[in-house]
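Please open the model in your viewer and keep the selection tool at hand. This tour goes from one stop to the next, saying at each what to select and what is there.

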Amino acid sequence: MIINENAERKILPIASGKGGVGKSVLVANLGIALASFGQRTVLIDMDLGGSNLHTYLGIKNRARGIGNFISDKSVSFADIRARSPYPNLDFIPGDVLVTGAANLSYAQKRSLIANIEKLDADYILIDLGSGTHFNTIDFFLMSNSGVLVTTPQAPSILNAYGFLKNAVFRLLQQTFSDHKGVTRLLTDIVKERQPNSTPTIASILNGIEKLSKRAAATARSEIAKLRPSIVVSMGDRPEDMEIVQSLRALIEQNLNVTPLCLGFLYYDYIVREAVGETVPLALVGRDSLILKEIDRMAQKIVHSERFPEMPLDLDEYEDSFELAAIEAEQDYRSINPHPHTRMDQSPDDASAEEFIRLISAQKAEIRELQQTIRALTMQQQSGPRYG
Ligand SMILES: Nc1ncnc2c1ncn2[C@@H]1O[C@H](COP(=O)(O)OP(=O)(O)O)[C@@H](O)[C@H]1O
Ligand SMILES: [Mg+2]
């Protein structure tokens, strides 16, 4: 795992539990923003089988990409790094012909990870396909500052939570791949799981503690290194931050992970227009709100002295979620100078209701997660953990 604080090249894998949440739109335009600040940036389309990052960059997909690299030994990783039309921005295409990250072999995955870690750049943004396949999670865990994109809708929020939960479990599997006792414990947890219950990370840590105090300390310190960021996409109103705060609470309480919030993007028709014309956002809406929002994220990343711990302005806004909420409120006012008073429901009722929905939907989610984790453990490949 690359700890991005003080790292020369900062790796940001960008994931989502659900597809269609605006991940690739974010990767393309955040990349363009970082590059425009003079940061040498490389974008990697790792959504194998569903590659479309090039369209958001306004590039035709003629160049060789990840698919060629893994299927043709004569193609080196340097061969697939292509210049983009934007200064400081390079692009590594994916491949629509490769049938997804799920089918990468262990050796192919290791080779990709090793090559990505060696790329010469300031920032490396990886557009991961959706879903919780363990190969996708392994790319997410390349860095301690992965970004999770979610819309404010409950299914997307739950999938983001599920993704992170799988990631923490996978991190424990990687960390203890050479530790027979802990590996057996993790395998048993998956096997013995009851349909409607799932052990919290805290209870897994207790189990590890019973085996070995040292192993438990290692597990805690590995989990504590994770500083994932959440990006809210296709937001509708400032109150959407309430369900995001619920997600944060779930993550903190159940996963022992302290997430950050990188920012809030409103649903913006300019995106559709840009997609229709196959050009980046900057070409259709120079003054659009979404560009301002993405620019702000890029600034938070670049100017943060203790990246990934954001935001910069720690004295004023120590809490990145609170800052995102304030920004969402200000942005809302900038597009709706006189917002209507909502008469139907008070925001508090709405959020309580939403939270209850979240918790009950969680049960179905857990069942799905169990299957993924079961598959993950059955296919688990042992090997040295990433340093
Ligand atoms: N902030 C936004 N406002 C409006 N539409 C958006 C926004 N972000 C993404 N979209 C639209 O949603 C669709 C899916 O976005 P995409 O980035 O491809 O999702 P993902 O990569 O998560 O599957 C695209 O057609 C895009 O036009
Ligand atoms: Mg995508």
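Begin by selecting the hairpin of β3 and β4, which has five residues between its strands, and look there for N88, whose phi is positive, near 70 degrees. The names of helices (H or I, at least four residues) and strands (E, at least two) stand for DSSP runs numbered from the N terminus. The model is a predicted one, in which local features need pLDDT of at least 70 and side-chain atom pairs count only at pLDDT 80 or more, while totals for chains, interfaces and linings use all residues. Residues are numbered from 1 along each chain as its sequence is written, and chains are lettered from A and ligands numbered from 1 in the order in which they are written.

**The sheet**

Strands are said to pair if DSSP finds at least two bridges between them. Now widen the selection to the eight strands of the open sheet, which follow the order β3-β4-β2-β5-β1-β6-β7-β8 with mixed pairing. Its edge strands are β3 (82-83) and β8 (260-266), each of which pairs on one side only.

Return to β4, where L89 and F91 point one way and D90 and I92 the other way, and all are buried; a residue is buried if 20 or more other C-beta atoms, placed from the backbone, lie within 10 Å of its own, exposed if 12 or fewer, and partly exposed in between. Next to β4 comes β2, which runs parallel to β4 and is joined to it by four bridges, with I92 as the bridge partner of I44.

Which way do the residues of β5 point? Y123, L125 and D127 point one way from the strand, and I124, I126 and L128 point the other way, all of them buried. β5 pairs in the parallel sense with β2 over six bridges, where T41 stands opposite Y123, and also in the parallel sense with β1 over five bridges, where I126 is the bridge partner of P13.

Select α7 (residues 180-192) and α8 (residues 201-211), whose axes come within 10 Å and cross at roughly 145 degrees; axes are lines fitted to C-alpha atoms, for helices over the stretch in contact, and angles run from 0 to 180 degrees between N-to-C directions. The contact (C-beta atoms, placed from the backbone, within 7 Å) is made by G181, V182, L185 and I189 of α7 and by I204, G207, I208 and L211 of α8.

**Around ligand 1**

Select ligand 1 and the 17 residues around it, of which G22, K23, S24, V25 and V271 come nearest; a residue is near a molecule if its C-beta atom, placed from the backbone, lies within 6 Å of it. Two or more residues of this shell are given by each of α1 (23-36), β7 (229-235) and α11 (269-277).

**A last stop**

Finally select E322 in helix α14 (residues 320-335). Is E322 buried or partly exposed? E322 counts as partly exposed because it has 15 C-beta neighbours inside 10 Å.

Conventions. Two residues are in contact if their C-beta atoms, placed from the backbone, lie within 7 Å.
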